[in-house]
Amino acid sequence: MKILRIVLLVFVLVVAVVLLGGFLVFNDWTRGPLPQTDGEITVTMPPGALAAAGAGLKNTVEVIRDKWGIPHIYAASTYDLFFAQGYIQAQDRWWQMEFNRHIGSGSIQELTGKQDSVMPQDVFIRTVGWRRAAEHDLESYDTESLAVLQAFADGVNAYILSRPPDDLALEYTLLGLTGVRITIEPWTPVDSLVWAKVMAWNLSGNRDEELQRSALYETLGQEMADQYLRPWPFGQKPTIIPPETLPITDSTLTASSGSAGIIGVSARLAGGITPGHTLFRTDPAIGSNNWVVGGQLTESGAPLLADDPHLGIQMPSIWYEIGLHCQPVGEECPFEVRGFALPATPGIIIGHNARIAWGVTNVGPDTQDLYLLKINPDNELQYEWNGEWRDMVVHEETINFGDGEPPITIRVRETHLGPIINDNQIDDDGTLQGFNNDDPMAFRWTALEPSTILRAAVGLNRAQTWEEFRDALRYWDVPSQNFVYADVDGNIGYQTPGKIPVRAAGHSGLLPVDGTTDAYEWKGYIPFDDLPRALNPESGFLHSANQAVVPLEYYDQLRDKLADEFGEDANYFISQEWDYGYRGQRIVELLQTLTPHNSDTFATIHGDNKIISAEELMPYLIELDFGDETLNGARDWLAEWDYQMHMDSPQAALYASFWARLVDNLFNDQLDDGSAGGGSMDMWAAYQLAQEPENSWWDDIRTTDRTETRDDILTRSFREGYQAVVEQLGSDRAAWKWGSLHTSTFVSNPLGSSGISLIENIFNRGPVAASGGSSIVNATSWSAAAGDYTVRALPSMRMIVDLGDFRRSLTIHTTGQSGHPYSPHYADMIDEWRNIQYHPMLWAREDVEANAASRLTLKPGG
């Protein structure tokens with residue numbers, strides 16, 4: 001027994017040592033990357049930082065993090081301010097920054113190892129040339145902007161190069177266990193600029209739409225396709241700039257059909273990417289909202305401004321909330337600004353300074369075109385142009401793999417119109433196909449031309465007036481955004497910036513065109529001073545929600561002014577493909593009815609869940625007799641609904657299920673690819689077709705023994721929708737909840753998609769129930785094409801700025817400030833976000849001090 005006790009004691013001790021060792025290892029892996037946020041750090045520039053002589057902090061910088069984990073930086077010089085911003089953002093979001101620059105560079109597999117599922121994206125991004133374009137951008141920047149970019153890079157490098165990888169992010173440790181070896185390269189200004197290219201790609205059009213329209217015109221014929229791809233409803237939905245702000249009231253223009261282009265063009269692009277492929281979890285139904293109200297419509301008598309950009313759901317949030325404060329503010333250090341940064345870039349993208357505030361939504365101008373080329377049969381590095389052979393530029397791009405697999409080199413052909421976007425396809429066996437000389441397409445995009453968007457951001461951060469605000473936006477070229485503006489003097493305004501092409505006569509921009517001649521080459525850009533803007537409108541408010549920017553009358557005005565330069569017949573349209581205006585319609589309605597406005601009414605608008613499309617279609621359902629007591633009763637119960645897609649609403653669950661089936665039954669038999677997602681275009685087309693009960697779109701071409709009408713398809717869809725929701729949620733209608741179906745899961749790249757639940761549970765958060773839906777102000781978009789109701793895109797942050805007292809301003813973003821899964825600020829904002837709650841947008845130093853959770857002092861090294 002004595003020996004047994006000794007054996008048992010030794011066994012217990014061994015188990016305890018193993019458990020303790022395991023705990024210590026686990027604790028080191030998970031807590032080791034958490035940054036120091038209290039006390040002092042002496043900051044030096046590590047070797048290999050690619051910094052100029054004398055780089056590094058010049059004076060002490062103070063960083064106060066509030067109880068939400070939001071840093072407020074106080075510095076004595078511009079260099080120190082942006083150096084500290086780079087340092088702090090790397091502390092909290094380094095892995096996100098690392099992954100972002102690899103996305104933009106087409107080098108994701110350096111982080112993941114060779115992956116068949118990732119290869120098409122790396123090949124496609126290299127072919128388009130985002131990083132090549134960012135490198136060219138750097139040559140266009142002014143001295144001040146370059147200094148800001150370099151200061152930010154110096155700060156990032158001071159942090160990331162002073163710690164081993166395992167102490168930067170848990171991802172390095174876990175990926176290392178799979179055999180991936182990642183070399184941490186110094187951060188450069190190009191790494192910041194390349195993320196601007198990624199954002200521009202996500203927010204630019206319309207390469208996919210050109211190919212889809214081309215295919216539909218071939219398979220359905222133009223007349224039938226145009227009944228689906230309907231023109232924007234001018235006169236029925238509000239434009240951003242209302243007609244009464246324009247000097248003319250009659251228009252001779254109509255939307256173009258696009259018949260001058262080429263139909264039946266192959267849709268496969270580099271890497272085998274096809275239209276509708278979502279590189280970064282975006283969705284056609286996404287958009288953004290912003291609005292601004294003048295003092296005559298507010299309780300305080302001062303303007304209020306709101307913003308909520310809609311972007312793909314992700315973990316961590318795409319935004320990093322921060323305050324940047326020069327101490328003191330003066331000519332040498334003119335910045336005092338609060339708001340939201342992108343982790344990979346310096347400055348504030350959305351927010352306010354001491355005098356002005358601004359918010360953005362996406363304009364969505366047509367800044368992309370596809371040109372069908374003819375290759376010289378005797379020299380595949382030449383293409384025909386105006387009857388002559390013209391040389392291409394060839395770029396060699398080497399794709400490396402973090403798991404040590406041999407690298408692959410692709411060759412990218414570039415014309416003066418842009419790169420050939422459908423070279424380097426990957427076949428079904430995973431083999432790269434090289435040059436495509438059968439139907440090569442050149443891709444022209446404004447973001448591949450020299451850009452100065454970071455110069456615009458720096459200018460916005462220090463602008464003090466409407467004029468200075470507009471001067472900054474002269475450099476905001478791509479992606480074009482709808483900017484709303486307010487200042488402490490009581491002014492409100494709107495401005496469209498950006499490079500927006502003027503096309504040749506006959507070139508609608510809606511279809512690929514002939515690339516062998518200059519007949520369809522861009523003629524130039526709409527001058528900045530002729531782009532839409534408004535200041536202090538009589539209505540007392542301005543808004544945008546990705547709908548058409550201007551009424552058709554604007555284009556008459558523009559044509560008359562620019563005809564001498566570009567011609568009477570030139571195409572001056574900003575775009576012809578917009579969100580169909582449901583969110584804009586609802587925002588205008590609420591801005592007009594909820595006066596006088598305050599932060600509570602603005603929060604009400606942010607959280608509005610009304611689906612106007614349901615209100616449009618319900619009258620057609622009410623008229624039907626389903627021949628079934630249960631279905632008729634469910635329909636009558638649905639008719640009592642307030643059209644609010646709240647997470648607790650049972651009727652919302654039934655309507656969404658019906659709508660998903662209607663989208664499939666009405667559209668996908670003709671589309672043949674299940675691509676109809678149920679967004680605003682599908683909603684508007686369904687409403688218009690509902691007024692034509694015998695339209696051929698209602699006929700299900702999959703049935704050969706009958707011709708269906710509107711009522712047949714509505715009946716079938718309601719029956720199938722009801723059955724589907726019963727199968728998912730049970731037969732008790734009162735127990736149904738929209739949020740049981742409509743959930744948000746925040747997924748981190750790449751390990752959140754590893755397929756290993758233990759790992760995914762470390763990095764991902766959710767699912768959580770969410771209100772809202774597609775083409776709703778609370779735009780938690782889902783796609784009927786996906787087969788479920790999972791949130792794909794969402795309001796990535798919400799902001800309410802009170803120009804009467806900045807201390808009353810409010811914000812929230814989706815997840816939390818930290819990118820470290822074991823930080824208390826990794827996911828602490830999710831519930832506030834989904835329940836339309838906010839935290840104070842702390843501004844005054846005394847309020848920051850009152851809410852301080854930690855205080856870090858950065859001191860210059862020797």
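Helices and strands here are DSSP runs, helices of at least four residues and strands of at least two, numbered from the N terminus. On that basis the protein has 24 helices and 30 strands. Its radius of gyration is 28 Å, close to the 29 Å given by the globule rule for 862 residues, so the protein is as compact as a globular protein of that length. The model is a predicted one.

**Whole chain**

Start with everything shown as a C-alpha trace. Along the principal axes the trace spans about 85 × 75 × 70 Å. Of the 862 residues, 61% count as buried. Among contacts with a separation of 6 or more, 73% are between residues 24 or more positions apart.

Next, colour by pLDDT. The mean is 93, and 93% of the residues reach 70 or more. Select residues 248-253, where pLDDT stays under 50; the model gives this stretch 16 contacts beyond four places in sequence. Then select residues 278-283, also with pLDDT below 50, which have 20 contacts in the model beyond near neighbours in sequence. Where pLDDT is low, the predicted coordinates should not be read in detail.

**Helix α4**

Select residues 119-128, which form helix α4. How many of its residues are buried? The count is 10 of the 10, so the helix is largely enclosed by the rest of the structure. The buried residues include Asp122 and Arg126 as well as Phe124 and Ile125. Step on to Gly129, which follows α4 and has a positive phi, near 90°.

**The largest cavity**

The model contains 6 cavities of 30 Å³ or more. The largest of them has a volume of about 280 Å³. To find it, select Met199, Leu203, Leu342, Ile349 and Trp476, which are the closest to its centre among the 19 lining residues. Then show the elements that each give two or more residues to this lining: α8 (189-202), β5 (304-312), β9 (356-362) and α11 (453-462). Which classes of residue make up the lining? There are 14 nonpolar, 5 polar and no charged residues.

**Gly347**

Now select Gly347, in the loop between β7 (336-341) and β8 (350-353). With a relative accessible area of 5%, Gly347 is buried. For a distance to check in the viewer, pick the C-alpha atoms of Gly347 and Arg93; they are separated by 15 Å, with the two residues 254 apart along the chain.

**The second largest cavity**

Move to the second largest cavity, which holds about 70 Å³ of space. Its lining includes Ile611, Met645, Trp659, Met683 and Trp782. Helix α18 (residues 650-671) supplies the largest share of this lining, 3 residues. By class the lining has 8 nonpolar, 4 polar and no charged residues.

**Thr814**

Select Thr814, in the loop between β28 (810-813) and α23 (830-834). Is Thr814 buried or exposed? Thr814 has 3% relative accessibility and therefore counts as buried, the limit being under 20%. Leaving out residues up to four places away in sequence, Thr814 touches Ser317, Phe746, Leu794, Pro795, Ser796, Met829, Ile830 and Trp833.

**Two residues in one loop**

Select Asn424, in the loop between β15 and β16. Asn424 is buried, at 3% relative accessible area. Asp428 also lies in the loop between β15 (408-414) and β16 (441-445). Asp428 is exposed, with a relative accessible area of 79%.

**Backbone stops**

Most residues other than glycine have a negative phi, and most peptide bonds are trans. The places below depart from that.

- Asn424 has a positive phi, near 55°.
- Tyr643 has a positive phi, near 65°; select it in the loop between α17 (629-639) and α18. Tyr643 is buried, with a relative accessible area of 14%.
- Gln327 and Pro328 are joined by a cis peptide bond with omega about 0°. Pro328 sits in the loop between β6 (320-326) and β7.
- Gly766 and Pro767 are joined by a cis peptide bond with omega about 5°. Pro767 is in strand β25 (residues 765-769).

Terms used. Residues are numbered from 1 along each chain as its sequence is written. This is a predicted model: local features need pLDDT of at least 70, side-chain atom pairs count only at pLDDT 80 or more; totals for chains, interfaces and linings use all residues. Side-chain values use heavy atoms; hydrogens and water are left out. On a 1 Å grid over the protein atoms alone, a cavity is a set of points where a 1.4 Å probe fits but cannot get out, and a pocket is an open set with protein on both sides within 12 Å along at least five of seven lines; lining residues have an atom within 4 Å of a point. Grid points are joined across faces, edges and corners, and a volume is the space filled by probe spheres set on the points. Ala, Val, Leu, Ile, Met, Phe, Trp, Tyr, Cys and Pro count as nonpolar, Asp, Glu, Lys and Arg as charged, and the others, Gly among them, as polar. pLDDT is the predictor's confidence in each residue, from 0 to 100. Contact means heavy atoms within 4.5 Å. The radius of gyration is taken over C-alpha atoms; the globule rule is 2.2 Å times the number of residues to the power 0.38. Buried means under 20% relative accessible area, exposed over 50%, partly exposed in between (1.4 Å probe, protein chains only).
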